[in-house]
Amino acid sequence: TYCDYTFTISDCKKPSPILINGLATVVMPSSGGVTLWANDFDAPGSGSFDNCTATEDLVFTIRIVEESNTPLTSLAEVLALGTGADFTCDHLGFTEVEVYVIDEAGNWDFGITYAHIQDNNGVCDVQELADVSGVVHTEEDEMVSDVNVSLNHQSTAIPDFLTSSSGYFQFAAPMHQNYTVAPERNVDPLNGVTTFDLVLISKHILGLDVLDSPYKIIAADANASGNVTTFDLVTLRRLILNIDTEFANNTSWRFVDASFNFVDPTNPFATAFPEVISINDLESNIANNDFIAVKVGDVNNSAIPTSFVGTQQRTFDNNLVLNLKDQELVAGEMYNIDFTASDFRDVLGYQFTLNFDVTALEFVDVKTGSLSNLSAANFGLSLLGKGAITTSWNEGKATSLKDDAVLFTLQFVAKANGQLSELISVSSQFTHTEAYTINEDLNIALAFVSIAGTTVLENGFELFQNVPNPVLNNTTIGFQLPEATTATLRIFDVSGKEIKVIAGNFAKGYNEVNINRSALNASGVLYYELSTNAHKAVMRMILVD
């Protein structure tokens, strides 16, 4: 026997707009205006594309961004815009535009860029304009994206500029007036912030190993008090533990005029440092209004300056293993779970997320053990409803403990019968799993010791560095899953453009994906992100020719 089936194949994927970062032109003497076409903004070479529609068959429409605009919701509205937009003397300077890309199936998406309309022939009866431009970068010369830069004036309203991955900004402003250039970025406060930063700040406070740049010292001042103290450690730890989700008295990034020279680089707070640039009587184009971007809390420069990914999770060769006695739990009984370490040597700090099954365990209390300076403040209990306890501990000096010393004890009541090793695990779900010794950085793993003395190492979620790296022809990306699940691997370029997606069902334990260089169609630095329903991690690879 046989059966016939009819399948309807539909293209439901939106096209991907890839636009140039601005287009400059002049108004025509004959009309006092100029028409720009939507496809003029399409990036040359590697521009907008779609999975089913050929590039030459994509349709482009455009509209000028105005405060009165409402979001478009239908294909008819998008097509009604037309393929060109008229700019007049009213649009002199920088004007944002929305460029829409439509495929043959009627799917559409849009990107935002700008038109720089100039009046070189004096057609328009307006004030003379001059360009004010610069770049925003870290002290290691990494360009910072999504910085909202304002050009402030008492009466003239000039639209803000959002930096791209190049960190560049530019304004056209009426001449012979005074301005201040002010950057701001207050997102993703945990970007680049880990307990290792607390280790370095503690050493700085104790005078054991001072921070070696004024920008790192500014980053260490988490509560913006004008000095670096243990209160900054408290502020950052609450952030790491997910107790707080933002800085109470600070922004996640600060910006310093790049031309400023600190009187005392070891104490950048000795005199006020400029976080804006003042321009008096603008007479001509002014470039190099540059800023040094400082990620608050990040003193080892690990923050990712681009916006499409969050904090990059590191992976390590070895583990700091925490031992637990495995046991059968009985509903209604209370249990003290001791966390011990058999090789706790020269440890400077650690952090991780402890996950537990909320249907089988109810948290009661935490008790400290042999670690000095460990208290309830080192644990985050705001996520108990999600079955997670976060923890972060550090010392300015390395700590060693005798074998089987109890680091801390967690007290639970069993809500159902079950095996402890099946109900508790560590992960990077909220606070990344990391530990630091004098000699190396470590992952965190749990080892469950049975009554018979057998030890079973519990491996959590982990994304490994691709091998080989840099990549010439082929590379392998390995990852560890705590359970069999669906996972998605996405590869991006530095601008955030998605290059390749691999999704599938993967087994518990170690998995790997092999990728041919030709499938990436890119070069330079790429990022790859592995995500499941419960975990996410990002790593970086390099492609070489």
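Predicted model: local features only at pLDDT ≥ 70, side-chain atom pairs only at ≥ 80, totals over all residues.
Reader: How many disulfides does the structure hold?

Author: One disulfide. Cys 89 is joined to Cys 124, with 1.7 Å from S to S.

Reader: What kind of bond is that, in general?

Author: A disulfide is a covalent bond between the sulfur atoms of two cysteines.

Reader: Is the link of Cys 89 and Cys 124 left-handed or right-handed?

Author: Left-handed, with -75° about the S-S bond.

Reader: And what does the pair tie together?

Author: Cys 89 sits in the loop between β4 (84-88) and β5 (93-102), and Cys 124 in the loop between β6 (108-118) and β7 (129-137), so the bond links parts that are 35 residues apart in sequence.

Reader: What about Cys 3, buried or exposed?

Author: Exposed, at 56% relative accessibility.

Reader: Switching to the sheet. Which order do the four strands take?

Author: The order is β10-β7-β14-β12, in an open sheet with mixed pairing. At the edges are β10 (168-174) and β12 (253-257), each of which pairs on one side only. From one strand to the next, the twist averages 30°.

Reader: How many bridges pair β12 and β14?

Author: Five, in the antiparallel sense, with β14 covering residues 291-295. Phe 291 in β14 is the bridge partner of Asp 257.

Reader: Now helix α4. Which residues are buried there?

Author: In α4 (residues 230-240) they are Asp 232, Leu 233, Leu 236, Arg 237, Leu 239 and Ile 240. Viewed down the axis of α4, these fall within an arc of 155°, so they line one face of the helix.

Reader: Why would residues three or four places apart point the same way?

Author: An α-helix has 3.6 residues a turn, so residues with that spacing point the same way.

Reader: What covers the buried residues of α4?

Author: The cover includes α2 (195-206), α3 (214-220), β18 (347-356) and β21 (388-399).

Terms used:
Residues numbered from 1 in each chain as written. Heavy atoms only, no water. Disulfide = S-S within 2.5 Å. Helix = DSSP H or I, 4+ residues; strand = E, 2+ residues; numbered from the N terminus. Buried < 20%, exposed > 50% of the residue type's maximum accessible area, 1.4 Å probe, protein only. Pairing = 2+ DSSP bridges. Axes fitted to C-alpha atoms, helices over the stretch in contact; angles between N-to-C directions. Arc of directions from axis to C-beta. Contact = heavy atoms within 4.5 Å.
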